[in-house]
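Let's take a walk through this model, one feature at a time.

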Amino acid sequence: YMDYVAAGSEGDERLQRHLELLRQLKAAGDAARVTTKLADLDSEFHNDGAYFVQKGRFLAHELGRHELALEAFQRAAALNYSLLATLFDQGVALDKLGDKRKALSAYNKAARFLMTEMGLDALGSPTQALLTALGQGDRSELVRIAANLIGRIADRSVWPEIGFILEKADTPWRRRHCATALGMLSASEAVSLLVRCLKDSASEVRGSAATALGRIGSAVAVPA
């Protein structure tokens, strides 16, 4: 429930070749060359937001260096690259580092940015804007971020609205993200709805429902 998102594009093929080399060096246990290679890439791609996002994900996923990943995401944000995702990823890094106060601040910044991006400032409430994005967003990644932000900054009392969106959604990815939000909110009131989702035609929805039930602590959480 606490993972980074793919922000924007993965960069050009040249950058991907560099990242693949970094993975090979890491697999070979050559930490010194990984450090040197990253320093070289910092100079070569110093104005490339896509690079700093991918660097952050490499540092987090491959090396478990969330403090350095945070710096990379902050650099990407300073370059105005894919701001919604990079703000969210800063929150995830801070969460993993145990700084809940700063993580919450980053999540709220991401929520306010999403409000502006979608023209929802008139709603006033970040939670209402996130619910609107959950139900009306036309991109899976945006809806995923909205669902995760709801799970981190919203009150559990919004669960009926999420449940309504889930039941009406005709796309599996929207149902999946709704189930995730319900699990993150520990919405025990939604157990029966999530149990029905275990019979969804889409495996991704069944999996998210089972995970949500496990997070809620229901005995009916079973492998999808």
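We'll go from a helix to aromatic rings, then cysteines, and finish with charged pairs.

A bit of housekeeping before we start. This is a predicted model, so local features need pLDDT of at least 70 and side-chain atom pairs count only at pLDDT 80 or more, while totals for chains, interfaces and linings use all residues. Residues are numbered from 1 along each chain as its sequence is written, and side-chain values use heavy atoms, with hydrogens and water left out.

Start with helix α2, which covers residues 31-44. Helices here are DSSP runs of H or I with at least four residues, numbered from the N terminus. α2 has 14 residues and reaches 20 Å from its first C-alpha to its last, close to the 20 Å expected at 1.5 Å a residue; that expected span is 1.5 Å times one less than the number of residues. Which residues of α2 are buried? They are Val34, Lys37, Leu38 and Leu41. Seen down the axis of α2, these buried residues fall within an arc of 100°, so they line one face of the helix. (The arc is taken from the directions from the helix axis to the C-beta atoms.) "Buried" means under 20% relative accessible area, "exposed" means over 50%, and "partly exposed" is in between, using a 1.4 Å probe and protein chains only. On the face turned away from the buried side you'll find the exposed residues Ala32, Thr35 and Ser43. The buried residues of α2 pack against α1 (13-27) and α3 (49-61).

Now for the rings. The structure holds four aromatic pairs. Rings of Phe, Tyr and Trp (its six-membered ring) pair if their centres lie within 6.5 Å; planes under 30 degrees apart count as stacked, over 60 as edge-to-face and the rest as tilted. The ring centres of phenylalanine 45 and tyrosine 51 are 5.4 Å apart with the planes at 25°, so this pair is stacked. Tyrosine 51 also pairs with phenylalanine 52, this time edge-to-face, at 4.9 Å centre to centre and 65° between the planes. Phe45, Tyr51 and Phe52 form one aromatic cluster. Phenylalanine 45 and tyrosine 51 are both buried, and phenylalanine 52 is buried too.

Elsewhere, phenylalanine 113 in helix α6 (residues 100-117) is partly exposed, with a relative accessible area of 23%. Leaving aside neighbours within four places in sequence, phenylalanine 113 is in contact (heavy atoms within 4.5 Å) with Leu83, Leu84 and Leu87.

Cysteine 178 counts as buried at 0% relative accessibility, and cysteine 197 counts as buried at 5%.

Aspartate 95 bridges to lysine 100, with the closest N and O atoms 3.0 Å apart, and arginine 152 meets aspartate 95 at 3.8 Å, N to O. Arginine 152 lies in helix α8 (residues 140-153) and aspartate 95 in helix α5 (residues 83-96), so the pair ties together parts that are 57 residues apart in sequence.

Methods
Helix = DSSP H or I, 4+ residues; strand = E, 2+ residues; numbered from the N terminus. Salt bridge = Lys/Arg side-chain N within 4 Å of Asp/Glu carboxyl O.
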